[in-house]
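I'd like to walk you through one model, from the overall picture down to a few side chains. Let me put it on the screen.

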Amino acid sequence: MGSLQKAIDLVTKATEEDKNGNYAEALRLYQHGVDYFLHAIKYEAQGEKSKESIRAKCLSYLDRAEQIKKHLENGGPKKAKASAEGGSSKKGKGKKGEEGSSESEDDESPDDKKLREQIEGDGERVRERG
């Protein structure tokens with residue numbers, strides 16, 4: 001199985017866990033999924049459109065992972081008793097009353113920050129060439 005398919009499988013499972021309120025597991029799966037997406041961008045993706053599409057998805061999953069991490073660090077439950085928040089949100093907008101993903105960059109872990117910089121750096125190099 002290629003990295004891209006593994007990444008897709010991981011984030012699909014992550015969104016299911018997120019929807020079910022299993023936030024600690026969803027966070028772990030989102031992070032692993034992003035790792036596989038990065039590998040796919042570097043070694044498997046054919047063409048710049050494909051890479052840019054993967055980067056965009058990667059950033060949205062990373063944003064959601066940051067929101068979950070912040071929720072857990074603020075003492076939120078690792079598992080919800082009932083998923084009263086509704087369906088999963090791949091972009092993570094509006095879940096759990098977060099104050100927007102752009103503000104969470106200051107609170108992100110060194111690993112998340114490194115991933116974000118790597119993804120954004122790849123995107124800048126693509127735009128410079130284009």
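So, let's begin with contacts. Among contacts in the protein with a separation of 6 or more, 76% are between residues 24 or more positions apart. Please keep in mind that this is a predicted model.

The protein has 4 helices and 0 strands, and along the sequence the pattern reads α-α-α-α. There are 130 residues in the protein, and 42% of them count as buried.

Which residues of H2 are buried? The list is Tyr23, Ala26, Leu27, Leu29, Tyr30, Gly33, Val34, Phe37, Leu38, Ala40 and Ile41. If you are looking at the spacing in that list, here is a reminder: an α-helix has 3.6 residues a turn, so residues three or four places apart point the same way.

Next comes H3, which covers residues 48–73. With 26 residues at 1.5 Å each, H3 should span 38 Å, and its end C-alpha atoms are 37 Å apart, so the two values agree. After H3 comes Gly75, and the phi of Gly75 is positive, near 90°.

How do H1 and H3 pack? Helix H1, residues 3–19, meets H3 at an angle of about 35°, and the axes are 12 Å apart. The crossing of these two helices, H1 and H3, is left-handed. On the H1 side, the contact is made by Leu4, Val11, Thr15 and Asp18, and on the H3 side by Ile54, Tyr61, Arg64 and Ile68. Sorted by class, the contact of H1 with H3 has 5 nonpolar, 1 polar and 2 charged residues.

You'll have noticed Tyr61 in that contact, and that brings me to the aromatic side chains. How many aromatic pairs does a search of the whole structure find? The search finds 2. One of them is Tyr30 with Tyr61, a stacked pair at 6.0 Å centre to centre and 25° between the planes. This pair links distant parts of the chain, since Tyr30 is in helix H2, residues 23–43, and Tyr61 is in helix H3, 31 residues apart. Both Tyr30 and Tyr61 are buried.

Then there is Phe37 with Tyr61. Why is this pair stacked? The ring centres of Phe37 and Tyr61 are 6.0 Å apart and the planes are at 5°, so they count as stacked, the cut-off being under 30 degrees. Phe37 lies in helix H2 and Tyr61 in helix H3, so this pair ties together parts that are 24 residues apart in sequence.

As for accessibility, Phe37 is buried, with a relative accessible area of 5%, and Tyr61 is buried at 4%. Taken together, Tyr30, Phe37 and Tyr61 form one aromatic cluster.

Is Lys57 buried or partly exposed? Lys57 is partly exposed, because its relative accessible area is 40%, which falls between 20% and 50%. The C-alpha atoms of Lys57 and Val34 are separated by 9.0 Å, and the two residues are 23 apart along the chain. Val34 itself is among the buried residues of H2.

Conventions. Residues numbered from 1 in each chain as written. Predicted model: local features only at pLDDT ≥ 70, side-chain atom pairs only at ≥ 80, totals over all residues. Heavy atoms only, no water. Expected span 1.5 Å × (residues − 1). Axes fitted to C-alpha atoms, helices over the stretch in contact; angles between N-to-C directions. Left-handed = near helix turned anticlockwise from the far one by under 90°. Contact = heavy atoms within 4.5 Å. Nonpolar A, V, L, I, M, F, W, Y, C, P; charged D, E, K, R; others polar. Phe/Tyr/Trp six-rings, centres within 6.5 Å; stacked < 30°, edge-to-face > 60°. Buried < 20%, exposed > 50% of the residue type's maximum accessible area, 1.4 Å probe, protein only.
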